[in-house]
Every structure is written in C-alpha cells, then in structure tokens.
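Here's a quick walk through a fold, starting with its sheet and then stepping back to the whole chain.

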Amino acid sequence: MDFNSKNFRYVTETVETFMDKASRGKRLYLRSLSEHKPSESPANIAVDFPSLAGECHLPEELRHVTENLFSSVLRISGQVNMWLHYDVMANVYMQIRGSKRMVLFPPTDVNHLAFAPGASSSSLDVFSALEKHELTSAHPHDAVLGPGDVLFLPPMWFHTATPTTDMSVAVNYFFRDLKSGYSSGRDVYGNRDLAAYEKGRQDVARITKSFDRVPPEIQQFYLARLADELLHEHK
C-alpha cells in the first residue's frame, strides 16, 4: 500500500468474509479503530475487542508500556505491504499469528529514503530497493517476527512491513515516552508530529513568504543562509 498515491480503497465486509479472504492471502488490511468513537478516541483492544483482549498480554518486563499506554491496535492483513513511515510515539508490535518481515531505519537516514518535506510517509519500495542494493547509504535493520515475538519500535524510526505468510495477525501498542511535547490537538492515530515541529513548519512558511518580492536567486541565497544558522544554533 502507498499512502501518498492512495492506491487502495476502503470497503465494508463481514468479519467472516474478511477473514476468509485474508487467510487465503488476498490483499486486505485491517487497522482497528475505536468502536464507540472512531473519529475521537484511539483504539483500545480491551474496549473494542474484549473477548480477544484476554488472549494477548505484554510481558511484565514491558509494564512501562502498559502504564503509559496511548492505544492498542488490532492489525490483520493478507499479502500486502505497509508503506514506509515513521511514528511519533514509541510502540511495540506483538505478532500473534503468521509471520511478518519488518525493516527499520534510524531517524538519521531521513535524507536517503525519499521523504518529501513535511511528509511522514514515503513511496519508496524498500524491499525492491534492498534486493537491488540501492540503499547503500542507509542503515536498515531487518527482523522477521513469528507468533509470540514482540518488537520495539523507537519513535521516529522509519519502518515498513511485509507478511511472509498468507495472513498476519498482530497487536500494536503505542505509548507515551516523552513527558511533554506531543501535539496538543486531536490525535486518534497517535502519529501527529510533535507540537514544536508543527509550529516550526508554520514559522518556515511565514519566513518563506516574506521573501516573495525578491528575485528567486536572492531568495535561495538568504534561505540557504537561514538554514545554515538554524543548523549552527542546533549544534
């Protein structure tokens, strides 16, 4: 699936029909939402699927996750790849049925993964690029998850996934690991960028607009110098 090109559509099917298709490896993907307030509240497997929630538990070593839980998302898919993206919140991914290959990249690889300015997802086909040895400047971390495996995904780490069996069933637990700084607006999916970044993008737009009346080459000159100053101040 490609989030940028929206090469997918939303359909409504019975659970029986969906599970039958997924078990045969059809290109389907389910990402659960809040049953009662899907546009207002994050997913919570204990509330949305109480009959299933008792069958999956994080180990005691991960109690920090449960104590700071933001959402718990049921994911069921057939033979379909998830687009390359990053999550602002830390999360752990628990594989329940089937197996899945996941490739992760550290945040420092952002300039090597075809992310457009301001975008949290990329259209890069990571699996094809790895086979063709096209990501020589990046630092991929490869993991294959089987039933019972739990993978920690740090915030801002880019990741993509592909099932290695016909059907994959997993639960994703997102949790807050920062004391402050998250987006102050509604964030059902838990993937809105940090408040400081959202404000920074607004400031960049205002700065860029202030150069509208000068020739393009002068715009580029001063904007490049401002970018240098920003990087210098950060160091």
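In what order do the 5 strands of the open sheet line up? Reading across, the order is E6-E3-E9-E5-E7, with antiparallel pairing. Strands here are DSSP runs of E with at least two residues, helices are runs of H or I with at least four, and both are numbered from the N terminus; two strands pair if DSSP finds at least two bridges between them. At the edges sit E6 (121-122) and E7 (141-145), each pairing on one side only.

For Val 103, the bridge partner in E7 is Asp 142.

Before going wider, some ground rules. This is a predicted model, where local features need pLDDT of at least 70 and side-chain atom pairs count only at pLDDT 80 or more, while totals for chains, interfaces and linings use all residues. Residues are numbered from 1 along each chain as its sequence is written, and side-chain values use heavy atoms, leaving out hydrogens and water.

Now the whole protein chain: it has 7 helices and 10 strands, and its C-alpha atoms fill a box of roughly 60 × 40 × 35 Å along the principal axes. Of its 235 residues, 36% are buried (under 20% relative accessible area, 1.4 Å probe, protein chains only). Take contacts (heavy atoms within 4.5 Å) between residues at least 6 apart in sequence: 81% of them join residues at least 24 apart.

Note on methods. Buried means under 20% relative accessible area, exposed over 50%, partly exposed in between (1.4 Å probe, protein chains only).
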